[in-house]
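Dear colleague,

Please find below the structure I am handing over to you, together with its sequence. My findings follow directly after it.

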Amino acid sequence: MIQLNEIKLCVIGLGYVGLPLAVTFASRREVVAFDIDTQRIENLKNYIDLTLEVPSEDIKKVKDKIIFTSDEMSLKKCNCFIVTVPTPVSEDKQPDLSHLISASKLVGRYIERGGLAIYESTV
C-alpha cells in the first residue's frame, strides 16, 4: 500500500472535474496534470482556463507544484492516478466508455504493482 508521503499523483483529464481537482491537490503536493488536448495544455501553462472552472490566479498560485503535460512519459514517475475523463451519455442513455477505456490503457502502461488508480465519473 502506498503511504501518503510516497504518493506521486497524476490527474488524467483536465475538464470541469479534473482541473479543479489537480489545482486543489497542487496546493499540497506536486501533481502531474495530463490531458491529450495539447492546446488545452498550452493554455493552462499560460494560466488560461477557457472553461472558466479555475481562475487564472488559482493556477498561478500552484505553478511550482503542477506540471501540465500531454506527454505520457510524464506518467512514468507517478504511482497514483486519478482518471477524470468524459463519459458522455447517448440519446438512448447509454454511456460512451471510449474515453474511460483509452485512459485505462494509458494508466495500464505506467502503473506498477502497489500503484493506485481512482476513477471519477459522472456516470
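Lys93 counts as exposed, because its relative accessibility is 69% and the threshold for that class is over 50%. The model is a predicted one. Lys93 is placed in the loop between β4 (80-83) and α4 (98-110). Its backbone deserves a note: phi of Lys93 is near 65°, a positive value in a residue other than glycine. Most residues other than glycine have a negative phi.

Leu52 also has a positive phi, of about 60°, although Leu52 is not a glycine. This residue lies in the loop between α2 (38-45) and α3 (56-61). With a relative accessibility of 73%, Leu52 counts as exposed, since exposed means over 50%.

The remaining point concerns Thr84. Like Lys93, Thr84 is found in the loop between β4 and α4. Is Thr84 buried or exposed? Its relative accessible area is 7%, so Thr84 is buried; the cut-off for buried is under 20%.

What does the side chain of Thr84 reach? It reaches the backbone oxygen of Gly13, at 2.6 Å. Gly13 is also listed among the residues in contact with Thr84 once neighbours within four places in sequence are left aside.

In summary, Leu52 and Lys93 count as exposed, whereas Thr84 is buried.

Kind regards

Terms used. Residues are numbered from 1 along each chain as its sequence is written. This is a predicted model: local features need pLDDT of at least 70, side-chain atom pairs count only at pLDDT 80 or more; totals for chains, interfaces and linings use all residues. Side-chain values use heavy atoms; hydrogens and water are left out. Helices (H or I, at least four residues) and strands (E, at least two) are DSSP runs, numbered from the N terminus. Buried means under 20% relative accessible area, exposed over 50%, partly exposed in between (1.4 Å probe, protein chains only). A polar contact is a pair of N or O atoms within 3.5 Å; within protein, one must be able to donate a hydrogen and the other to accept it, and residues adjacent in sequence count only if both atoms are side-chain atoms. Contact means heavy atoms within 4.5 Å.
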